[in-house]
Amino acid sequence: MLYTDAIVAPSQILKMAKDNPPLPIAVVCAHHPNIMETMKQALARNLCIPYLLGKADKIHKLANEYAIPSEKIIVIDCGEEDAHAANIAVEMVHKQEVSALMKGHIHTDVLMRAVVASGNGLRTERRISHVFVMSFPNSDRLLMITDAAVNIQPDEKGYQGIISNVIDCAHKIGYAFPKIALLSASEDVLSAMPSSVLADNATRWAAQVYAGRAIVEGPFALDNAVSLEAAKLKGIERQVAGNADIVVVPDIVSGNILFKTLVYFCGACASGIVLGAKVPIVLTSRADPVEAKIASIALAAKMSS
């Protein structure tokens, strides 16, 4: 049984942004009904000031169909080329016209190519990475997953950058001392399992760099990271065991499978943004429900405040 029809925008994430001013956000390739419904609901919650980039005639038509007042949106005609719309959005950030970007009906690689372009992109000294903040039906618990969308198989330095980004994100959204589990398939460090070695090295690095600001431990199998009962049964007594606020996956494949399993089989809502660029970037799937996109805008608003 799939649960996607039951997904609702998480109140915990929406509350994070409730006191923020509306977020000026450039929506790249906004000419799609799902995006327009998202904008309608985001405006109703006073979450954003939408700059809608793409095919202007189609955007205006959809805005009219969704009863969005013309004075509530700014439409920027970018013609037929998705890459052109992405480049204009990046320019708007440089001109300080917007404080965030959002993926509309555009392929991720086209948008991110403009973001990471040498010279005129949105790179900083930080690693570009992605985080999902997952919420669950009938639960107040949130679980952050990184990186399930941008970094394919990070090396040790990239892995450290992903951890640094997610710690800063966690602090920004209210976690004073986040507990972070570095995932593998076992708690043992095995040379034949590179993810366990990566996690072990990162644990020792984080103990020096983030002492007093976060607890970073690994390797962990998923069950022992998120289930106290499983950790107790196996005699695992680490501080993070069973209590992880954040799980760091070793590669994009395992992260993609994990977050989609939580969405499609557990009814979780996945709010997702890119970290490490000059502004937050809402990067959700074109197939994601409106509720996930709304939560992602709220998360970006909190991160940009």
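**A quick tour**

Let's start on the inside: the lining of the largest cavity is made up of one nonpolar, four polar and two charged residues. Before I go on, please keep in mind that this is a predicted model.

So which residues line the largest cavity? They are His32, Asn34, Ile35, Gly104, His105, Arg286 and Lys293. The space in there comes to about 30 Å³, and the structure has one cavity of 30 Å³ or more. As a bit of background, empty space shows up when you roll a probe the size of a water molecule over the atoms.

Next stop, helix H3, which covers residues 56–65. Which of the residues of H3 are buried? Those would be Ala56, Ile59, Leu62 and Ala63. If you look down the axis of H3, these buried residues fall within an arc of 130°, so they line one face of the helix. Here's the general idea: an α-helix has 3.6 residues a turn, so residues three or four places apart point the same way. Now turn to the other side of H3, and you'll find Asp57, Lys61, Asn64 and Glu65 exposed.

And what covers the buried residues of H3? The cover includes helix H2 (33–44), along with strand S2 (48–54) and strand S3 (74–77). One more detail here: after H3 comes Ala67, and its phi is positive, near 55°.

Okay, on to salt bridges. How many does the structure hold? Seven. In general, side chains of opposite charge can pair when their charged atoms come close. I'll show you some of them.

Take Asp109 and Arg113, which form a salt bridge with their closest N and O atoms 3.7 Å apart. Both sit in helix H5 (residues 108–115), and because they are four residues apart, about one helical turn separates them. Asp109 is partly exposed at 47% relative accessibility, while Arg113 counts as exposed at 52%; the cut-off for exposed is over 50%.

Another salt bridge joins the side chains of Asp168 and Arg213, at 3.9 Å from N to O. Asp168 belongs to helix H6, whereas Arg213 is in the loop between helix H7 (194–209) and strand S8 (215–220), so this pair ties together parts 45 residues apart in sequence. Asp168 is partly exposed, with a relative accessible area of 27%, and Arg213 is partly exposed too, with 37%. There's also a network of salt bridges here, linking Arg126, Asp168 and Arg213.

Then we have Asp223 and Lys234, whose closest N and O atoms are 2.8 Å apart in their salt bridge. Asp223 is in helix H8 (residues 222–226) and Lys234 is in the loop between helix H9 (228–233) and strand S9 (246–248), 11 residues apart. Asp223 is partly exposed, at 32% relative accessible area.

Last stop, a loop. Where is Ala176? You'll find Ala176 between helix H6 (156–172) and strand S7 (179–183). Is Ala176 buried or exposed? With 69% relative accessibility, Ala176 counts as exposed. Setting aside neighbours within four places in sequence, Ala176 is in contact with His171 and Arg213. That's the Arg213 from the salt bridge with Asp168. And if you trace from Ala176 to Gly242, 66 residues apart along the chain, their C-alpha atoms are separated by 18 Å.

That's my tour. Over to you!

Methods. Residues numbered from 1 in each chain as written. Predicted model: local features only at pLDDT ≥ 70, side-chain atom pairs only at ≥ 80, totals over all residues. Heavy atoms only, no water. 1 Å grid on protein atoms, 1.4 Å probe; cavity = no way out; pocket = protein on both sides within 12 Å on 5 of 7 lines; lining within 4 Å. Points joined across faces, edges and corners; volume = space filled by probe spheres on them. Nonpolar A, V, L, I, M, F, W, Y, C, P; charged D, E, K, R; others polar. Buried < 20%, exposed > 50% of the residue type's maximum accessible area, 1.4 Å probe, protein only. Helix = DSSP H or I, 4+ residues; strand = E, 2+ residues; numbered from the N terminus. Arc of directions from axis to C-beta. Contact = heavy atoms within 4.5 Å. Salt bridge = Lys/Arg side-chain N within 4 Å of Asp/Glu carboxyl O.
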